[in-house]
Structure formats: C-alpha cells, structure tokens
Amino acid sequence: MNAKRLTTPKENVQQLQEKLGHAAKENKKRRFHALYDKVYRRDILWEAWRRVRANKGARRCRRSNPRGDREAREFVFIEECHRLLKDGEYHPAPVRRHYIPKKDGKQRPLGIPTVRDRVIQMATKLVIEPVFEMDFQEASFGFRPKRSAKGALERIRKACNRKGNWVVDVDIQGYFDSINQEKLMKLVAMRISDRRVLKLIRKWLSAGVMEEGSVRRADLGTPQGGVISPLLANIYLNYFDVLWERHGQGVGELTRYADDFVVVCKTKGCRSCLRPHSNDYGATGTDPTSDQNANRRAVDGRGRFRLPRHASPEDESGNVTRRVYYTTQQWLTRKAEERIRGVVKERLSPPCMRSKSMEEQVAWLNPKIQGWRNYYYTVYSQEKLAKLDWYILQRFTRWYAKKRQRKRWMSSFQEVKYMTKLHGLKTLL
C-alpha cells in the first residue's frame, strides 16, 4: 500500500487560499471570524518566511553559516514567531524610515520593518488576501496576484480602441501617508470579524516610524514598504473603484494601478467628473492632469510607455479591411530608452570598468536586461528593443576595444558578438 504523500507548506497555503476565496465568492456579505489561528500555523509561517527570503527581505538572517546551523536558526525563528502570536505577546517594532531619491528631485519615504514583522505580515497577508480578492474590481491591477502594470496598459490600449479619444491621468499625492486609518479598519471589518486579526492590523498601523533615533506615531497612513501595506491600500481604494463602477461608467473606463488612475473617455471634459467621486471617497491630494488627446498621445503615469494611434489595414481581429483602421499601439517612451542607455553606458564606459572581465560584465547586465524585457516587451516594441540590443552590443565592443587598447572598435565587433553569446548575454528581443 502506497504511503500518503506529505504536502508542502506551499501546497497547504494554496489549499487554504482556495477554500477562503471560494467561501468569500459564494457570499459577498460573509464576515470571517476564525482566521487568527491560521496566521500562526507553522506551515503558513514557513511559507511566509520562504517568500520574504525570496524577496531578499531577510539578508540579516542569511549569514555565512553552515547549512545545518542556518536551518536550526530558521527553525528557532519560526517557533518564536509561532509562540509570540499564539500567546498574544507579539508587538511590532517601529519601522525604520529610509528615503529613496526620485527623478524629479523629491524623495520617496520608505518604511523598513524588521524581518520578524515582515514574516508575520506576510503570513497575515496569505490568509486574508483571498477574502478581499473576491471583492476587488477588474479595473484594479496594482500589487495583486497574477496582475501587473502590463495588464493595466493593455486594458488602457483596448479602451482607446473602443473610441476612447481622451485620457485623464490622476495621481494621489502622498497616498500611503494620507490613508485614514479609521476608515480603513471599517473597510477591513466589513469582511473580517476576527478581533485578533483586526487588533494585529491596528498594531502595525500604530507602530510608528523611527527616524533619526526618535519614534513618531501618526493617525494617518500606512508604512510604505511594509509587506501588508499594498493589500491595505487596495482595500481602501476598492471603495473608489466600486463608486466608479456604479456612477462613472457613463463617463469613461477606469484603470487603476495602486494610486495611479487612468480614465479613458469618448468626449473631452471627463476630468471634472473625477472630483465629485474623489470627494465622496475621501481622498486628499488628487491631481488630475489636463485631458490628453488619445489620437496624439497617451502616456502611462510613470512615463515608461507610449500609446499612440497609427493607421493599420487590419482590425483588432487581424482581418484585412478596405478602410483605414486606427489602432492604439504600445512601446517605450524616449525617456525609458534614454534610461536604459544610461544604465548600460554608466557600467561600460568608465575607465575603471576596463579591469572587469567579460564574464563579470555579462553577469551584472543580464538581470537588468531580463527585467527590461519582462516589463517593456510588447508586439509593437520590437523595433525599438532591437535598436537597444544593438546599442548594448556596440557599448560592449567599445569597452572591449579600449580594454585591449585597440584604436578601431568596429574591428572587434564580430569577436565581441561571439564572446557575449558564448558567455550567455541576454537580449531584449
């Protein structure tokens, strides 16, 4: 008789999420009252630890220790998290404030929780996320399973093809720092009635921020950088999505990625219709830009893609037509191209980089090239990505010629092309 196969923590989490999601989908008004005991389950904590470690959020716990010693430390760490949660003795530490420079000269505040807080937040997220996923609207794409910015851009592109001639781009300034915590907890409590889970979330909201040695607590916002913060932000903004679904469908088609909104409208003037919904929602700092004509250009909020219209002899189904059919296409903006070129040039151009080997340069660039391809590749962007591949190879040739002290870099092109291929240099196409 065959022995029963033991399930892994990952499989246990998937089974639990499927059950919770199915129950939440069957009854949209159901409130879940027994979730806390699942948060401190050892298999849930192990899967949470695995995901935090995969996101490189546990560097302090990964030291140069033997494998057995490291596994023993991980076991003790998970058992400690289990005990603190079960006994009700868990108290989150204030998040450490760190600032990331933005391209416009401003700084983006980022909160860095401790490893223990990240793991426990991840465990809570694994348990409650399937419940709220059933309530989220189709217009929402940010920080959701199996959804991405490319999906949001594809939705915008199709909306433009459905006679969407005007585009409004909206950004909520300082959104994560301005969330009303009381309203957020009421929205969470509409689906979760487990007091211990609600108390756990309140602890994270009130943990405060450590900056320059002092702890500062606020009644607004969620710590940007926390594992559970994106889910809480989506819960808060889902109310706006529902309002738009009820009252804004006649105005235009909404697409939201986190705190960035894009509304595609058939007529000009839809910008004025956004403010009443924003006021009903309670959002502060909304900043709708002027209406952009989709016939000329439509750019995503971060300036990484262009969505221009071009004449095509084929319709959306690929059928050849006699009349001219204008279709919205999607490719990189000039700023995105310049950003990629700048990263490659900054790596290969300086004289100090000539001491590096070809293998080291390829190993450094490959993850970046793969990331650019994952984000920017579309059926319409192949020509621009091919030019960037040529630029990367050209920069490699210049770097190699200077490394070998050769005057004419083009004479080394074929040699460099062969060597980069031999070392496994990835391409954008």
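Predicted model: local features only at pLDDT ≥ 70, side-chain atom pairs only at ≥ 80, totals over all residues.

Reader: Okay, strands then. Is E7 mostly covered or mostly open?

Author: Strand E7, residues 260-265, is mostly covered, with six of its six residues buried.

Reader: And which residues sit on each side of E7?

Author: Asp260, Val262 and Val264 are on one side, while Phe261, Val263 and Cys265 are on the other, and all are buried. In a regular strand, side chains alternate between the two faces of the sheet.

Reader: Which way does E3 run against E7, parallel or antiparallel?

Author: Antiparallel: strand E3 (residues 166-172) is joined to E7 by six bridges.

Reader: How many residues lie between E6 and E7?

Author: Two residues, and the strands form a hairpin. Alanine 258 in the turn has a positive phi of about 60 degrees. Most residues other than glycine have a negative phi.

Reader: Switching topic: what's the strand order in the open sheet of four strands?

Author: The order is E2-E1-E4-E5, and the pairing is mixed. Strand E2 (107-112) and strand E5 (214-216) are the edge strands, each pairing on one side only. From one strand to the next, the twist averages 45 degrees.

Reader: How do E1 and E2 run, parallel or antiparallel?

Author: Antiparallel, with six bridges joining strand E1 (residues 95-101) to E2. Along that pair, isoleucine 100 stands opposite arginine 108 in E2.

Reader: Now pockets. How much space lies in the second largest pocket?

Author: About 860 Å³. The second largest pocket has 22 lining residues, and Arg51, Lys125, Glu129, Arg144 and Pro145 lie nearest its centre.

Reader: Which helices supply at least two residues of that lining?

Author: Helix H1 (9-26), helix H3 (42-54) and helix H5 (115-133) each do. H5 gives the largest share of the lining, six residues.

Reader: How does the lining divide into nonpolar, polar and charged?

Author: The lining of the second largest pocket has eight nonpolar, six polar and eight charged residues.

Reader: Let's do H6. How far does that helix reach?

Author: Helix H6 (residues 149-161) has 13 residues and reaches 19 Å from its first C-alpha to its last, close to the 18 Å expected at 1.5 Å a residue.

Reader: Which residues of H6 are buried?

Author: Ala149, Ala152, Leu153, Ile156, Arg157, Ala159, Cys160 and Asn161. After H6 comes lysine 163, whose phi is positive, near 60 degrees.

Reader: And phenylalanine 143, where is its place?

Author: Phenylalanine 143 is in the loop between H5 and H6. Its phi is near 55 degrees, a positive value in a residue other than glycine.

Reader: Last one: does lysine 146 count as buried or exposed?

Author: Exposed, because lysine 146 has 91% relative accessibility. Lysine 146 is also in the loop between H5 and H6, and its phi is near 60 degrees, a positive value.

Definitions and conventions: Residues numbered from 1 in each chain as written. Heavy atoms only, no water. Buried < 20%, exposed > 50% of the residue type's maximum accessible area, 1.4 Å probe, protein only. Pairing = 2+ DSSP bridges. Axes fitted to C-alpha atoms, helices over the stretch in contact; angles between N-to-C directions. 1 Å grid on protein atoms, 1.4 Å probe; cavity = no way out; pocket = protein on both sides within 12 Å on 5 of 7 lines; lining within 4 Å. Points joined across faces, edges and corners; volume = space filled by probe spheres on them. Nonpolar A, V, L, I, M, F, W, Y, C, P; charged D, E, K, R; others polar. Expected span 1.5 Å × (residues − 1).
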